[in-house]
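Some notes on the model follow, as numbered points. Please read them beside the sequence and the structure.

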Amino acid sequence: MNIAKEKLRQIYGTLRSIGKENNTIPHGDLIVAFAKMLKPKTYVELGVYKCEIVNKMIPWVQDTVYAVDIQKDAGLFMKKSSKAHFYNGTTDNFAAELKRKNVTIDMIFIEWRAIAFVLNEKKAR
């Protein structure tokens, strides 16, 4: 069987088991389920608030987990791990830093409040 098809079957099975509890799948559980199956090398989360989702991702990411937030205190909630890195700043500055380091992102989650902030920031320019 094709590896991609097998991964999709595993993801589907995981999602079904999560959703049985209350007929919904919280977005954090969905993201973690994808990471468990895909095992990305590099994961980025933009807008982490109290690091609830990003902390759950650490065991499933092979190399590096980046948590990005404009609120410095958000980093206080991040679990200590050699894989985990908190970046306090804007998404534009973070993207420039990754580009400078030639980092490839395998999986990314953009929290809806981060999207709203970026859109408002762009409008103000």
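1. A residue is called buried under 20% relative accessible area, exposed over 50%, and partly exposed in between (1.4 Å probe, protein chains only). By that scale tyrosine 87 is partly exposed, because its relative accessibility is 23%.

2. On provenance: the model is predicted, so local features need pLDDT of at least 70 and side-chain atom pairs count only at pLDDT 80 or more, while totals for chains, interfaces and linings use all residues. Numbering runs from 1 along each chain as its sequence is written, and side-chain values use heavy atoms, with hydrogens and water left out.

3. Aromatic pairs. Rings of Phe, Tyr and Trp (its six-membered ring) pair if their centres lie within 6.5 Å; planes under 30 degrees apart count as stacked, over 60 as edge-to-face and the rest as tilted. The count here is 2 aromatic pairs. Tyrosine 66 and phenylalanine 94 are edge-to-face because their planes stand at 65°, with ring centres 5.5 Å apart. This pair links distant parts of the chain, 28 residues apart: tyrosine 66 lies in strand β2 (residues 64–69) and phenylalanine 94 in helix α4 (residues 91–101). Helices (H or I, at least four residues) and strands (E, at least two) are DSSP runs, numbered from the N terminus.

4. Both partners are enclosed: tyrosine 66 counts as buried at 14% relative accessibility, and phenylalanine 94 counts as buried at 5%. Phenylalanine 94 also pairs with tyrosine 87, in a tilted arrangement with 5.2 Å between centres and 55° between planes.

5. Nonpolar cores (sets of buried Ala, Val, Leu, Ile, Met, Phe, Trp, Tyr and Cys residues joined through side-chain atoms within 4.5 Å). The largest holds 18 residues, and Ile31, Tyr43, Val54, Met57, Val65 and Met78 have the most contacts inside it. Two or more residues each come from α2 (27–38), α3 (52–57), β2 and β4. A second, separate core has 6 residues, among them Leu46, Tyr66, Val68 and Phe94.

6. Contacts (heavy atoms within 4.5 Å) of methionine 78, leaving aside neighbours within four places in sequence, include Val54, Val65, Ala67 and Phe86.

7. Where does glutamate 111 sit? Glutamate 111 is in the loop between β4 (107–110) and α5 (112–124). Glutamate 111 is buried, because its relative accessible area is 10%. Not counting residues up to four places away in sequence, glutamate 111 touches Leu46 and Gly47.
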